[in-house]
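The stops below follow its salt bridges.

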Amino acid sequence: MVNVLEHCRIAPPPGSVDDSSLPLTFFDMPWLNFPFLKLLFFYESCHSKAYFVEAIIPCLKHSLSLTLKHFFPFSGSLIFPTDGSMPEIRYIDGDSVSLVFAECSSDFDHLSGNHQRHDTVFHSLAVQISSTSTNFGPLVLPILAIQVTNFPNSGICIGFTLHHAAGDANAFFRFARSWASINKLGGETELRIELPFYDRTVVKDPIGLCSTYWNHYGKMTNEVYHYQPLIDYVRAGFILRRADVQGLKRRVMSEQVSTFAVICGYTWSCIIQALVTSGEHFGENELQHFGFTADCRALSDPPIPAAYFGNCTMGVIVTTKSKHLIQEVGFIVAAKLIREAIQERVLKKKEGILKGMQKWLQDSKSLNRTRMVSVAGFPRLNVYNMDFGLGRAKKREQLIRERVNFFTLNGSKDNDEDFEVGLRLPKAKMDAFVEIFTNGLKVHSSL
């Protein structure tokens, strides 16, 4: 049970930011119709409700306002003009972020564990965002909303609801870490951050990709997709130790295979095997797809600044037949395919980012999305290293709306050598996955 204690709006300090607008680039366009992201971060805290209200809430409000001075687009909105022209991010002095403070009576340790937990219990820990429009005005979508939920004497959950068209994981975590640091330090005096880079002209588009993407993704239905809990789904977390990863790499027998490729390949193959084990039927030659994104800031020519605010990722899709994944060593095939995709489509600059973005659009049009597994997360971002003065986060969860096969991959909260996979599946399929995933690690680590 969640009870709202306060609902307020937080803006940058008055007069600290000029009115501004940011055009969308071809990197942003694929995310226009994407459901709002919902990210939850759980922190252990032994503080009472009184301390939460009297000390924690005022500090979070003040520090968020100071942070938004530097990351002002999060206070603004995504505007869709009535004339059908391309949308833009717009900030007007006084724009603000919705901030909700709440209290929850659920078991904090249960919610923040790695064991199986029903997906429905996370629904109330993040804000639902609604659009605003009039019969004659543009569609206006808020970009960010935040909910901070106190579990008295146990912990705190900070939930972010975010429109992906505004920025990728790099942009979001720079904002979130800045807020955490300002809150912990009590101000900006000792803060050392690289300020966001807002100049969109660094994204070169000589072949008109932005218009091509807008023509494809811009057929807006004006529907705001909300996260809805799925009653039959559970979520769980899985830790891969350094020894587990090394064991998988030995089985692939390639010095060039990356940790990302081997973990994703192993998880992808385990998901497909779990679906088959739990009764789902695939034809041997039926195509299975795996999707991931690559950060293009350093890959662009010339390179785009690391602090660039916005989306700057390229989608990559890997395809193979079901029969290659359902065999015991299917992960070897999967890992090698992912490695090859990274080498050919990401690291080689012969064709460049523009060609890669063109291929992403072509591939996405013909996909059978019911046979798609995708991964979100960048282990090098170290998502647990976000300290609001409560220490490192205990647990991170990402909520998704659809019945899709999707997992997260992040660095472990405990050390820099282990990794965490987060997964959501129907109960029967999760049970099958747990057995296949854990038993496989034991076998491969012992060889």
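Select E286 and R371: their side chains meet in a salt bridge, with N to O at 2.7 Å. A salt bridge here is a side-chain nitrogen of Lys or Arg within 4 Å of a carboxyl oxygen of Asp or Glu. E286 sits in the loop between α6 (259-277) and β12 (287-295), and R371 in the loop between α9 (352-365) and β14 (372-376), so the pair links parts of the chain 85 residues apart. Helices (H or I, at least four residues) and strands (E, at least two) are DSSP runs, numbered from the N terminus. R371 is buried at 13% relative accessibility, while E286 is partly exposed at 24%. Buried means under 20% relative accessible area, exposed over 50%, and partly exposed in between (1.4 Å probe, protein chains only).

The model is predicted: local features need pLDDT of at least 70, side-chain atom pairs count only at pLDDT 80 or more, and totals for chains, interfaces and linings use all residues. Residues are numbered from 1 along each chain as its sequence is written, and side-chain values use heavy atoms, with hydrogens and water left out.

Next, select E194 and R174, which form a salt bridge at 3.6 Å, N to O. R174 belongs to helix α3 and E194 to the loop between α3 (169-185) and α4 (209-217), so the pair ties together parts 20 residues apart in sequence. R174 is partly exposed, at 26% relative accessibility.

Move to E103 and K49, whose closest N and O atoms are 4.0 Å apart in a salt bridge. E103 is in strand β6 (residues 97-104) and K49 in helix α1 (residues 49-70), 54 residues apart. E103 is buried at 16%; K49 is partly exposed at 38%.

The whole structure holds 21 salt bridges.
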